[in-house]
Amino acid sequence: MTFWKGDAIHPLDESQGHPGAIMVNIILIGAQGSGKGTQAERLAQNLGIHHVSSGDLFRKASEEGTELGRKARLYLDRGELVPDDLTVSMILHYIAESNYMRDGVLLDGFPRTIAQAQALDRGLLSADRHIDCAVYLNVPHEVLLSRLSGRYICRAAQHVYNRETNPPKVPGICDLDGSELYQRPDDQGSAVQKRLNIFFEETIRLLDYYQKQGKLVEVNGNQPIEQVQETLLEVIRHFMAERS
Ligand code: AP5
Ligand code: MG
């Protein structure tokens with residue numbers, strides 16, 4: 001594991017916690033299947049910050065049958081965005097309650113609309129925090145479709161696999177926690193194309209939003225998983241060094 005210190009990422013001595021780590025708040029933007037979840041898990045670990053995925057939180061709430069989960073499920077299964085008010089309040093409460101902003105956070109899949117981005121900026125400002133960097137994971141359309149059709153995730157913690165490009169050691173079983181792998185309902189049928197359309201018509205506008213704030217960087221997500229991770233670490237390190 002590593003942590004931020006100045007302009008470099010240093011190996012972390014686990015017994016020391018994260019001494020001297022500087023807080024960095026990052027947004028990961030990318031179309032469905034671009035590898036946000038795959039990369040975010042590794043990136044958060046490498047940077048010593050917390051990973052928060054709005055999709056994972058909605059799926060967990062849905063499995064637990066909470067009121068939020070029941071409402072969100074209607075949208076998730078159809079491949080539509082959950083309304084902004086529900087999404088913003090879930091994420092801001094989650095971040096505040098968990099005190100994640102103290103250590104730094106990697107937001108995967110949030111925000112997805114300009115209204116969400118503005119609400120996030122306001123929420124952070126009120127806590128004297130801000131987003132440092134927004135990373136766009138760019139992957140060609142045809143690659144996205146093929147990745148989504150081969151994706152499986154685990155029941156226990158939503159670890160991500162792919163039949164072709166990232167198979168588990170034992171078919172149908174998560175390498176990390178031994179739970180069952182399943183295909184997400186929104187990776188089947190018309191929900192796939194609907195989700196991609198929403199990204200390229202709506203969420204893509206965030207690139208302009210963060211570009212104007214001087215916070216946008218782009219990474220080629222169409223490389224092997226480990227290479228994407230290395231590129232992400234390098235690009236984020238350079239970006240933070242230039243801004244400090
Ligand atoms: P969410 O769970 O965020 O889904 P998504 O946006 O559709 O994104 P995905 O999880 O499909 O893609 P990913 O980029 O994480 O790719 P992954 O790493 O899995 O959201 C689900 C739903 O929740 C939304 O549709 C909406 O209803 C709701 N929601 C969530 N956030 C919301 C918000 N802010 N506002 C409103 N509603 C919201 O990788 C995909 C596959 O490719 C995997 O099989 C993986 O193994 C493979 N792979 C990854 N990288 C590579 C690589 N480099 N090479 C080869 N294969 C790779
Ligand atoms: Mg994901």
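Two strands are taken to pair if DSSP finds at least two bridges between them. In this predicted model, 3 strands form an open sheet in the order E8-E7-E9, with antiparallel pairing. E8 and strand E9 (181-182) are the edge strands, each of which pairs on one side only. Strand E7 (residues 151-154) is joined to E8 over 3 bridges in the antiparallel sense. Within this pairing, Ile-153 has Val-160 in E8 as its bridge partner.

Strand E8 (160-162) also belongs to the elements that give two or more residues to the shell around ligand 1; the others are helix H1 (36-47), helix H2 (54-64), helix H3 (67-78) and helix H9 (225-243). In total, 36 residues surround ligand 1. The closest are Gly-35, Gly-55, Gly-109, Arg-151 and Asn-162. The shell around ligand 1 comprises 17 polar, 12 nonpolar and 7 charged residues.

Two of the helices that contribute to this shell, H1 and H9, pack against each other with their axes 10 Å apart and at an angle of about 50°. H1 is therefore oblique to H9. The crossing in which H1 passes H9 is right-handed. On the H1 side, the contact is made by Thr-38, Gln-39, Arg-42, Leu-43 and Asn-46. These residues meet Ile-225, Val-228, Gln-229, Leu-232 and Leu-233 in H9. By class, 5 nonpolar, 4 polar and 1 charged residues make up the contact of H1 with H9.

Notes:
Residues numbered from 1 in each chain as written. Chains lettered and ligands numbered in written order. Predicted model: local features only at pLDDT ≥ 70, side-chain atom pairs only at ≥ 80, totals over all residues. Near = placed C-beta within 6 Å. Helix = DSSP H or I, 4+ residues; strand = E, 2+ residues; numbered from the N terminus. Nonpolar A, V, L, I, M, F, W, Y, C, P; charged D, E, K, R; others polar. Axes fitted to C-alpha atoms, helices over the stretch in contact; angles between N-to-C directions. Parallel < 35°, antiparallel > 145°, perpendicular 65-115°, else oblique. Left-handed = near helix turned anticlockwise from the far one by under 90°. Contact = placed C-beta atoms within 7 Å.
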